[in-house]
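Welcome, and please take a moment to turn the structure around before reading on. We will walk through it one part at a time.

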Amino acid sequence: MDIIEDKQDIEFYFSIDRGGTFTDIYCDILHAKQMRLESRILKLLSVDKKNYEDAPTEGIRRIVSEVIGIEIPRQNKIPTSQIKSIRMGTTVATNALLERKGERTALIINKGLSDKPDDIYEEVVEVAERIRPFKDFDNDNHIQRIVTGLNNEKFVIVEELDLQQVKESLKYLKDERKFNSVAVVLMHSYGFPNHEIEIGKIAKEVGFNQISLSHQVMSRVKIVKRGSTCCVDAYLNPHSNQDYVKFIVQRYLSEFKLGFDEDLLLNSKVFFMQSDGGLAPIDHFSGSKAILSGPAGGVIGFSQTSNDFQMKELGLKNEEIMPAIGFDMGGTSTDVSRFHEQYEHIFETTIAGVSIQAPQMNINTVAAGGGSRLFFTNGLYRVGPESAGADPGPVCYRKAGGQLTVTDANLILGRLLPQYFPKIFGPQENQELDIEQSKKAFEQIGEDINSFQQKNDLKQLSIQQIAMGFIKVANESMCRPIRQMTQARGYNPRDHILNIFGGAGGQHACSLAKDLGIQVNLIKLTFQKIFIHKYCGILSAYGLGLSDVVQENEEPFMSIYDSSNLPNKYLNLRYEGTDTSIMVESSFDTNYDSKFQQMHQREFGFMLQKRRILIDNIRVRSLAKSQILSQKQIERTNGALPEPETITTTFFDQNGQVCQLDTPVYSLEKLKAKDILQGPAIILNQTSTILIEPDCTGQIDDFGNVFIDVGEAQQRDQFKKYKSIEEVPFDIVELSIFGHRFMSIAEQMGLTLQKTSVSTNIKERLDFSCALFDPSGNLVANAPHLPVHLGSMQEAVRYQVNLWGENWLEGEVIVTNHPKAGGTHLPDITVITPVFSNGKPVFYGIQPGSMPSFSKDLSEEGAAIETFKLVQDGVFQEVGITDLLVNQSGDNPLIRGTRNLADNISDLKAQIAANNRGIMLVQSLINEYSLIYVQAYMINIQQNAESSVRQMLTQLSIQQGLKEIDTVHAIDYMDDGSMIKLSLTIDRTKGEAVFDFNFSNHLLSKMPCQFRNSTESRMSKSNQAAVVGGNVETSSRITDVILKAFQACAASQGTMNNLTFGDKSFGYYETIAGGSGAGPYWHGKNGVHTHMTNTRITDCEIFEIRYPVLLREFHFRVGSGGLGKFNGGQGIIREIQFLKDDIEVGILSERRTSAPYGLKGGEDGHRGKNIIIHPDGKLQNFGPKNSTILKKDARIRIMTPGGGGYGAQ
């Protein structure tokens, strides 16, 4: 195609962010002869197959056509002679993972560790090969071969690699099964990669196009995460030299290139953004590093523009620059990140249920964007996590099947103006947003809401009031990730600049800042705290133009830290005996060790004295500066604002009332530097709408950006005028908001506990729970932790409140674990701290070893603490708690004190720190509203929960075809023959139920559920009886019986398969997953925890590094799930070989004689088995509950139960 002569000097520099809903395009256009620079921006729907195949290609076509003055037909290839650069952030890898549309992949793994094929890898091949870490006691073993791996780390070759078997297996996968992509994951290959390399060579000879070796993809310990990342790499990133056509990431690149002439890569520098915020050339862009490609551009964009604003507009020096919060609100989700001095990287994340271990920006994502759907359920407003996406999109997008979203709410409230929004909707892509359809959708949901209002004697609501309610709930849900990124890590959000971007962000900026308390008057300066770049609607795309090209390599280093002769690199450091490492960047004025300890103190709240620091990895990160964008100053104002484009009516929330105000609308392009706009006002640019609320002031800086003075937060006098709880009016929007606030407090308590704890049980296995309780000990909110804790904690609070009464003083902390005081079992130590206000406790924060299999008496299980003031007079009572944990056994030889007192003390301090975090947040909430108002909504939340349960019981009674008052029964048996029988009576006229475990006749209680059992029951409290089995085993079986009575689903494994082993020097405890039961419309899950626990198991490599064991087998127990219309989940086989003499091993399990039942004609799941394999090969049935001392090379083989099936086949 011939280009007009005077247009031939034009050069195009594209930066493109292909998001889930929209594709944003920024283009710098250089007129070389005139030395003139201009820019163009464009926003397109990412998916619009009726009009174009690929949004980035379409955007480039439109801009090039417009600038050169010649229309390039869609069927023609775009000429590239003038396109100098294309930088792209893309969700193609994320979408392929979400939609499971990657390349067919096979997994090669060690024999005995295979996993069932899933939707990432289609087939698994086990290879005969096994190594393990060298142990000190291996010196006397002359039979085994000892090899030296990377960094002189020693390993023992347990079984040599069978090269012939490998070749035959790979030929079968390639020739017979037609795989082109293979992932190779072997135990301990992070330190000894030789065998993976050999397999890789054979795979290349056989003809595989994509070969991903786990040690090359990510050379870090922890096989589960390294292996998962390797599989994702193979799934998303296959390539074969110059042939990209068949494979997913490269497949997209190939399709992208098809829209251009053949000289694209010769004429243009094409870069893709990686998850770590660095650009990579097109041939270095890999699947596993592309997952957060799009959001990473936003982090670069907000961090660079925030710093520029503070230096150029506020005149701050480098050392004065404030940290910034990036808030990227798009169509599908909202991404929150933080920047101060340097980018924050993390190295582990979970996307679409897949764990990925790769460097990436620290971004917290919440499913609340412009396209988040709106619901009213159980008397609560709910926003997301479901999204309408780009297709069908919000109701106002004019597509069939459109769904009610946040965008529709903003449209109803006048915060989006259809006449100024891009006209890209309708069959011809030329219509504006459809506000009438949005109104109809709100009228429809309004019928349900106003019906609820009428039943509760509340006033009827207009569609604008309903829309405002959803906006307020959406704002609160988006504040939660900001609080987690700041408050939960020891930062105050008020000390940050809030950089708002994304297509929907500008409509929520002022409300978010007010909710977070982001105001003015810091560091003796008065300046605006919200910054909105002129390209805020496409800042992720703009950020690509500010990014650097990055090359990064990482190698394992496995060494004790020594300050001598270290390179100028990143070191991945951790304390000896812990699994949590921190990546530390070198600096000229600080040693790695001191910087590591500073970071550890800030991140986790403590340092470990007299612990060696270990180096796990060395990371080298090289940057090539390649910024292509430059800012131009705009004309200064003469003091007079331009005429507004129009005056519109916009709805605002003022002191809890929805009111409409006349709001001037300005075009950002017509505003000049230093123009000041008093709220309310709306500023429009090409890709976003910025709302300046009343009491806020906007100003334009020298480059055409907007910054907003939030001013003083609204006085909350309306909350403080109430003298009693009864006076506080009920409001469903406030109820929904407080639900988020209380939940956020419990979540932050959990994050604090996980970070500040030391033990593997808390930090790695996540065996803990956090919750808030009212003054009477009733649950207010809990984070989604362990059900077995959450069900008992309120009893623990009530017991201590009744025991201490007014003698429980402010600042005092109580510790307990006794079953009669609400304890679950003795290893679960509960720490309770009251929140005082005006001298009275108003809330309670609560945070909930030894486990002998045959304990009959409570004293045999260890320290039983009915109550103890752990903190008194502001002092941690270390002597007293040490005595309880170490010396309570007296002369009883069956009772041992704690094996690791130091870690126990550290964990107790971490629990106190977590409670203190909760206290601070509750007190902040009280200060923000008032004690009476907060307590009123605490009660409202409890009443709403009760109402929801009553509604569920009524619906269940109808679904089961029961009479208005009717009784159903369920029976099951423990392995010792003990019967668990339940008589469940439901009265649907009242929405009430009695769970009677005595088959006795009781009247229904006032609460929706009441439990009845005799004092002789195994569910009753006791001062002497052992409880460990009741906590972990009986509770699981009772849950199965209740679900059976409801006919909800078939039985799950009904046990936690508790395994303990150790000697005088160490102890280890784990629970092992099994199959879950199938239900009316789902198959049971394989290898999961159910009912009463959801802890993680220790990674296989960490397991072998830390303990004298060899993990022989760990995989699904194929065929163990009950068959049916829906099949039960598979159990697990876990076989452990002990490498030392005199290891004491104990098992506490169930479902070894009584099978997990099927339901509605489904088959039972398989029973579990516990077997000891002695060194001479003799097999011994170990029974469901047993303990013994084993010799070296003995093994325990645990086969956990499968879940029951549901429905006849």
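Let us begin with a helix lying over strands. Helix H13, which covers residues 509-516, lies across strand S14 (324-329), strand S23 (497-501), S24 and S35. Its direction makes an angle of about 150 degrees with S23. Please keep in mind that this is a predicted model.

Which order do its strands follow? The open sheet has 8 strands, in the order S20-S15-S14-S23-S24-S35-S34-S31, and their pairing is mixed. At the edges stand strand S20 (364-366) and strand S31 (676-678); each has a single partner strand, so one side of each is left without a neighbour in the sheet. From one strand to the next, the twist averages 20 degrees. In general, the strands of a sheet pair through backbone hydrogen bonds, in either a parallel or an antiparallel way. For an antiparallel case, look at strand S24 (residues 530-532) and strand S35 (residues 706-709), which are joined by 3 bridges. Here Ile532 has Val706 in S35 as its bridge partner.

Now step back to view the whole chain. Its secondary structure amounts to 25 helices and 55 strands. The chain has 1209 residues, and 60% of them count as buried. Its accessible surface is about 48,900 Å², with 48% of that belonging to carbon and sulfur atoms.

Strand S2 (residues 22-31) and strand S3 (residues 36-45) pair in the antiparallel sense, with 10 bridges between them. Tyr26 stands opposite Ile41 in S3. There are 4 residues between the two strands of this hairpin, and Met35 has a positive phi near 50 degrees.

Follow the chain onward to helix H1, residues 55-68. How far apart are its end C-alpha atoms? They are 20 Å apart, and this agrees with the 20 Å that 14 residues should span at 1.5 Å a residue. H1 is also mostly covered, as 12 of its 14 residues are buried. Among them are Ile60, Ile63, Val64, Val67 and Ile68. In an α-helix there are 3.6 residues a turn, so residues three or four places apart point the same way. After H1 comes Gly69, whose phi is positive, near 80 degrees.

Finally, turn to the aromatic rings. The whole structure holds 32 aromatic pairs. One of these is formed by Phe12 and Phe14, which are stacked at 5.9 Å centre to centre with 10 degrees between the planes. Is Phe12 buried or exposed? Phe12 counts as buried because its relative accessibility is 0%, under the 20% cut-off. Phe14 counts as buried too, at 0% relative accessibility. Tyr929 and Tyr933 form a stacked pair as well, with 5.7 Å from centre to centre and 0 degrees between the planes. Tyr929 has 5% relative accessibility and therefore counts as buried.

How values were computed. Residues are numbered from 1 along each chain as its sequence is written. This is a predicted model: local features need pLDDT of at least 70, side-chain atom pairs count only at pLDDT 80 or more; totals for chains, interfaces and linings use all residues. Side-chain values use heavy atoms; hydrogens and water are left out. Buried means under 20% relative accessible area, exposed over 50%, partly exposed in between (1.4 Å probe, protein chains only). Accessible areas come from the Shrake-Rupley method with a 1.4 Å probe; for residues, only the protein chains shown count as cover. The expected span of a helix is 1.5 Å times one less than its number of residues. Two strands pair if DSSP finds at least two bridges between them. Axes are lines fitted to C-alpha atoms, for helices over the stretch in contact, and angles run from 0 to 180 degrees between N-to-C directions. Contact means heavy atoms within 4.5 Å. Rings of Phe, Tyr and Trp (its six-membered ring) pair if their centres lie within 6.5 Å; planes under 30 degrees apart count as stacked, over 60 as edge-to-face and the rest as tilted.
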